[in-house]
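I opened my notebook to look around a protein model, one question at a time. Come along and check each entry against the structure as you read.

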Amino acid sequence: MAGSSHPRRPLSSSGGEADRPVKFTNRTSSGRVVSLSRDDELDTPGDYAAQNDYINYTVMMPPTPDHQPGDKPDGPTVYPPPSSRFRSDGQGHVKMGSHASDADGGAGGGNSAGKLDRRVSFLKNNNKSMLLRSQTQDFDHNRWLFETKGKYGIGTAFWQEDQFGNDTGMSMQDFMDKPWKPLTRKIHVPAAVLSPYRVLIVIRMVVLAFFLAWRIRNPNREAMWLWGMSIVCEIWFAFSWLLDILPKFNPINRTADLAALKDKFEAPSPSNPKGRSDLPGIDVFISTADAEKEPPLVTANTVLSVLAAEYPVEKLALYISDDGGSILTFEAMAEAVKFAEIWVPFCRKHDIEPRNPDSYFSQKTDPTKNKKLADFVKDRRWIKREYDEFKVRINGLPDVIKKRCKMHNKNEEMQEKKRIKEKNEGVLPPDEKVEITKATWMADGTHWPGTWYDSAPDHAKGDHAGILQIMSKVPEYDPVMGGPDEGRLDFTGIDIRLPLFAYVSREKRKCYDHNKKAGAMNALVRASAILSNGPFILNLDCDHYVYNSMAFREGMCYMMDRGGDRICYIQFPQRFEGIDPSDRYANHNTVFFDGNMRALDGLQGPVYVGTGCMFRRYALYGFPPPRANEYTGMFGQIKTPAKTIPSDEEEPLTEEHPDLNLPKKFGNSTMFNDSIAVAEFQGRPLGDHFSVKNGRPPGALITPRPPLDAPTAAEAIAVISCWYEDNTEWGDRVGWIYGSVTEDVVTGYRMHNRGWRSVYCITKRDAFRGTAPINLTDRLHQVLRWATGSVEIFFSRNNAILATRRLKFLQRVAYLNVGIYPFTSFFLVTYCFLPAFSLFSGHFIVQSLNVAFLSYLLIITLTLVCISLLEVKWSGIALEEWWRNEQFWVIGGSSAHLVAVLQGLLKVIAGIEISFTLTSKSAAEDEDDIYADLYVVKWTALFVVPLMIIVVNLVALVIGLARQIYSVIPQWGKLFGGAFFSFWVLAHMYPFAKG
């Protein structure tokens with residue numbers, strides 16, 4: 001069939017027609033393709049726009065109702081189309097040629113050979129829905145499909161085996177295989193919010209510079225002392241504001257794809273035919289130290305939430321560190337494991353959220369929402385009764401243990417009396433005193449190896465043997481399905497296995513420094529490496545439970561994604577329950593967790609905040625990342641790849657910074673040293689794509705764990721002994737870092753200093769939830785501990801000024817702010833007294849409230865308000881939360897931060913050690929008023945300075961007002977300046993005054 005239904009005149013350069021470019025096809029508004037005549041106006045680009053270059057083409061079409069094969073069309077020359085793996089040889093040939101008869105190279109055909117080189121097919125697409133049509137009329141495609149065996153081509157909807165499956169080597173499965181997908185996405189803050197945010201920061205920086213210059217050039221000659229104090233404070237505030245705001249230049253959001261994680265690691269594949277989980281293992285650490293301040297019921301609920309988490313049972317292990325060696329905690333954990341045998345399958349069967357039973361049964365929402373199984377109500381009623389009995393058993397444990405100990409000790413006393421009588425011929429001497437050691441007894445009638453109620457040698461706090469007890473047996477490799485009567489619940493088709501759970505209490509002796517929580521965590525790192533060796537470690541406080549059962553998987557998305565081998569830890573935000581609705585003392589701390597931490601995620605990553613953090617075990621061991629960058633230049637603008645770990649044949653790496661040296665001294669445990677390489681390999685991302693560097697082969701982690709035996713358990717006990725860390729690098733380069741009360745910040749800083757990155761994982765449903773002290777005294781003591789740790793960091797080698805070149809410039813600024821912010825308290829306290837001094841003296845910080853001063857003040861205030869509003873916009877916090885944070889910044893800065901700086905200076909100058917009491921964890925047992933603790937007044941010396949600020953400003957307001965009222969010539973301008981700033985101070989102090 002010819003390319004045109006009308007006869008065409010021969011093309012010649014000497015023709016009389018006007019020269020116009022050729023047209024081939026055009027798409028109609030309905031999406032169909034029709035042929036174009038050369039009379040239509042169409043501009044073709046490039047070589048095809050040459051004059052006198054008309055091209056005819058012919059499309060070979062298969063038989064259709066509108067087109068039957070006929071005589072071979074004459075005229076055009078046939079050029080075979082380019083070969084394609086998706087097209088058979090007998091399909092869709094495109095014929096192109098010229099009607100010019102000047103084959104001998106005449107005047108009209110002299111350039112025909114060159115023109116033919118440019119005559120290529122415009123119809124490379126072999127889609128039949130585009131070609132199977134008559135060029136004289138539209139082709140009825142639907143009718144053709146109905147009346148004939150139509151061909152749809154190649155794709156996932158239809159596959160014609162006889163046409164496409166024989167000679168191409170392709171099959172339907174090649175199209176059905178899912179392409180490689182990333183596990184996470186980075187979502188940038190919209191430019192409409194971020195751009196004005198950055199511009200306003202720059203504007204405020206410039207205005208602050210001009211304002212401070214103006215203040216220096218215009219002193220108040222009448223009150224130089226007042227002017228001098230104010231200008232020093234304002235310069236420091238500007239510097240402190242810069243340290244806080246600069247790291248917020250690049251906030252980002254992230255999201256994880258749980259479906260992609262499941263497809264990649266748990267779907268059947270050639271390397272994993274049975275679809276077993278290829279995810280790496282996770283070891284969860286829960287730390288507790290005092291059973292009185294940290295109620296065992298709270299800890300037990302946290303344990304239950306971890307055991308019921310949605311993660312492969314055989315890949316999950318739980319360890320609890322009882323640094324007090326308390327039998328109460330030990331037996332509470334035994335009760336928790338017994339209750340978990342029915343609680344965990346119940347959660348899996350009915351998809352319970354949250355999986356902390358206390359929080360679940362305390363919810364005010366409808367428990368039947370989205371529940372479809374008919375036996376849910378019956379199961380819930382039964383499990384609620386079981387949980388109530390469980391709580392009663394936990395609450396009754398102290399009395400049960402004491403009664404048991406009293407009974408056993410009485411029997412011991414009777415046995416001792418009997419022995420004395422036997423020595424004295426059946427007579428007990430009247431002057432003989434029967435003295436026995438009052439031991440603490442276990443339920444099996446043996447002595448408790450930990451701390452006794454009545455302290456004794458080798459059984460006291462800080463002096464007891466190491467304890468390691470496997471509470472739940474190692475889970476089977478294959479799922480163990482329950483039956484119709486598993487504890488009166490129908491668990492048919494439900495996996496009833498429990499993850500590995502171990503109780504650990506490290507050995508303590510009086511002559512050793514045990515390094516508080518950091519030492520306990522390092523003991524867990526070593527013990528878990530021997531028992532399970534999960535390549536990832538999640539640490540939780542005893543009162544922070546799993547609120548989102550999928551949180552482990554979301555964290556794993558970042559670790560297993562492309563580039564995840566450079567991530568040292570995933571920090572989850574801290575969320576709190578039991579806080580008063582008004583959040584009087586900013587306990588939620590949302591400005592930090594949703595603002596500062598989200599902004600740091602756009603740099604090198606958030607800081608480590610002590611709980612809710614998933615670590616890469618290999619990074620905890622002090623090794624550098626497989627790839628890192630160095631940042632040089634004044635602002636770190638020059639990025640170059642850093643040196644990597646050398647192989648055995650290469651020369652050893654010599655670095656100028658001690659943090660970049662490789663760790664070498666891990667202790668004398670061969671089993672532990674052998675586990676390091678295994679943990680590193682198992683923590684690599686899946687090497688299923690050419691862009692994934694340092695990956696492991698698929699299916700490498702589907703083999704079962706080796707079973708635990710007696711030698712393995714004995715080795716685990718040996719590595720938690722108090723002498724194991726002697727002559728090692730534990731606490732210095734390996735594990736949690738010693739020497740600071742805020743060991744969490746220092747540990748994260750060391751990892752960033754080696755070039756690692758961290759990620760902030762904000763899940764749609766909160767990952768973890770915990771409790772926070774709502775009482776003002778407890779809150780201030782908590783802030784005091786954090787601020788004291790920051791002062792220690794500032795005066796140590798962990799100061800960000802001494803960081804390596806692998807730390808980004810703005811990340812360095814953020815860590816520098818961590819060490820400097822407590823020193824703002826000196827200037828803040830001074831500035832809070834300045835309004836009162838102004839009212840007392842009758843002078844102000846400026847000579848007069850002129851237009852320049854008020855203009856600067858207005859611009860600085862407005863830009864700050866706009867910046868705060870935009871920050872509220874991209875961080876998602878509420879304005880009330882921002883204001884509460886500002887109020888508590890003044891309250892904490894004038895009390896806890898000030899004392900922290902003094903204590904830090906005492907430690908640095910005089911060597912006086914700082915001790916802190918453990919923050920009490922609320923058990924929430926007062927059902928009449930869950931906020932009763934908010935109104936309890938506990939006097940502390942931290943109240944002195946804030947009280948002085950409030951009283952002095954109130955008195956100054958009264959005196960200043962009285963002076964102007966009874967003055968012959970009142971100067972209301974000076975009163976207004978001082979009174980305004982006094983009200984500013986009192987507004988910030990309102991929550992403190994409210995108590």
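Entry 1: I began with the record: UniProt, in an unreviewed entry, lists D323 and D744 under "active site". I keep in mind that I am looking these residues up in a predicted model.

Where does D323 lie? I found D323 in the loop between β8 (316–322) and α10 (327–350). Is D323 buried or exposed? D323 counts as buried, because its relative accessibility is 12% and the cut-off for buried is under 20%. I then listed what D323 touches, leaving out residues up to four places away in sequence: T288, A289, H464, R506, K508, K516 and A520. With R506, the side chain of D323 makes a polar contact of 2.8 Å.

My next stop was D744, which sits in helix α19 (residues 743–753). D744 is buried too, with a relative accessible area of 14%. Setting aside residues up to four places away in sequence, D744 touches Y608, V609 and G610.

**Entry 2: the nonpolar cores.** I remind myself that in soluble globular proteins, nonpolar side chains tend to be buried together. Which residues of the largest nonpolar core touch the most other members? They are Y319, F615, Y621 and F672, out of 101 residues in that core. Helix α13 (residues 516–531) gives the most to this core, with nine residues.

Not counting residues up to four places away in sequence, F672 touches V525, R526, A529, I530, Y621, F666, Y724 and W730. Apart from this core I noted another, of 83 residues, including A260, V303, L328 and W452.

**Entry 3: strands.** I looked at an open sheet of three strands, in the order β14-β21-β16, with mixed pairing. The edge strands, each pairing on one side only, are β14 (545–546) and β16 (575–577). Between β14 and β21 (residues 768–771) I see two bridges, and these strands run antiparallel. Y545 has R769 as its bridge partner in β21.

Then I turned to a hairpin. Strands β18 (residues 629–632) and β19 (residues 638–641) pair antiparallel over four bridges, and T632 stands opposite I638. Five residues lie between the two strands, and G633 takes a positive phi near 95 degrees.

**Entry 4: cysteines.** How many disulfides does the whole structure hold? My search gave zero. For C557, the nearest cysteine sulfur is that of C761, 8.2 Å away. C557 is buried, with a relative accessible area of 0%, and C405 is buried at 6%.

Methods. Residues numbered from 1 in each chain as written. Predicted model: local features only at pLDDT ≥ 70, side-chain atom pairs only at ≥ 80, totals over all residues. Heavy atoms only, no water. Disulfide = S-S within 2.5 Å. Buried < 20%, exposed > 50% of the residue type's maximum accessible area, 1.4 Å probe, protein only. Core = buried A, V, L, I, M, F, W, Y, C linked by side-chain atoms within 4.5 Å. Contact = heavy atoms within 4.5 Å. Pairing = 2+ DSSP bridges. UniProt positions renumbered as here; feature names shortened; annotations may be inferred. Polar contact = N/O pair within 3.5 Å; in protein donor to acceptor, adjacent residues only side chain to side chain.
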